[in-house]
Amino acid sequence: RLEQHLEWLAVKNYSPHTIETRRTTLGEFIGWCEERAVLRPAEVTKPILERYQRFLFYRRKRDGKPLTFGAQLGKLVPIRTFFKWLARENIILHNPAGELDLPRREQRLPKHVLTSGEAENVLAQPDPTTVLGLRDRALLETLYSTGARRLELANLKVFDLDVERRTLSIRQGKGRKDRTVPIGERAVAWVQKYLVEVRPQLVVAPDEGFLFIGQFGKGMCSRHVTSITRRYVKAAKLGKTGAC
């Protein structure tokens, strides 16, 4: 049923990233059910779902910290959508998730906000005399200048940069929407330097056209963008944590 649901999401034009996230999230729930001998959709009741919600509330990450309410919500909403689909397809007679009370999303400001001077400190951390250092400087400059999301940055293609107009085309961003954003002159200069001096050394045939290339010659994943950014924030020794 999970595979059928994911196919339905694809037909409804959900992004591949969303579909893979749903596969993981729903897979975790199904595995939790299997451990408790709940093997069919019709066996899932509202009390079982509420028990899973409590499980998420008390769950701890590897660092011992609890899941945020936003993270809990991110794991519960796909389940509610899944059971709504099951009921619509007449696979189950009643939707047990229809009346599930979801946690309220917290409206919180970022814990650590950088001043412009601190941001410049972070941007200055990569060593532009090295191949990866120059790539990282161009990546950080683009991130800082455009405010692009990490996945949007990872998905950028070479032709998305318009040097003459100093704009960046972000395709299929959040909500699968395209938009064009300005990019500063300094960021453009660093990206051009990267394109001429570094990208040809990193890319491996066949060239898929991604703007920023990982060390193995292909495009980056969003987690790679996060790890790069976090490393330079830490290297700046600002006494603040953070990433993209």
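This is a predicted model: local features need pLDDT of at least 70, side-chain atom pairs count only at pLDDT 80 or more; totals for chains, interfaces and linings use all residues.
Aromatics to begin with. The count comes to eleven aromatic pairs. Take Tyr 52 and Phe 55. Their ring centres are 5.7 Å apart and their planes meet at 25°, so this pair is stacked. The cut-off for stacking is under 30 degrees. Both residues belong to helix α3, residues 46-58. They are three residues apart there, so about one helical turn separates them. Buried or exposed? Tyr 52 is buried, at 1% relative accessibility. Phe 55 is partly exposed, at 34%.

The pair is also part of a cluster. Ring pairs link Tyr 52 and Phe 55 with Phe 29, Trp 32, Phe 82, Phe 83 and Trp 85.

Next, charges over rings. Lys 157 has its charged end over the ring of Phe 210, 4.9 Å from the ring centre. Arg 231 places its charged end over the ring of Tyr 232, at 5.0 Å from the centre.

Now the backbone. Which peptide bond is cis? The one from Ala 205 to Pro 206, with omega near -5°. Pro 206 sits in the loop between α9 (199-202) and α10 (222-235).

Then positive phi. Asn 13 is not a glycine, yet its phi is about 70°. Its place is the loop between α1 (2-11) and α2 (16-35). Asn 13 is exposed, at 51% relative accessible area. Exposed means over 50% here. Ala 37 is not a glycine either, and its phi is about 60°. That residue lies in the loop between α2 and α3. Ala 37 is exposed too, at 57%.

Technical notes. Residues are numbered from 1 along each chain as its sequence is written. Side-chain values use heavy atoms; hydrogens and water are left out. Rings of Phe, Tyr and Trp (its six-membered ring) pair if their centres lie within 6.5 Å; planes under 30 degrees apart count as stacked, over 60 as edge-to-face and the rest as tilted. Helices (H or I, at least four residues) and strands (E, at least two) are DSSP runs, numbered from the N terminus. Buried means under 20% relative accessible area, exposed over 50%, partly exposed in between (1.4 Å probe, protein chains only). A charge sits over a ring if NZ of Lys or CZ of Arg is within 6 Å of the ring centre and within 35 degrees of the ring normal.
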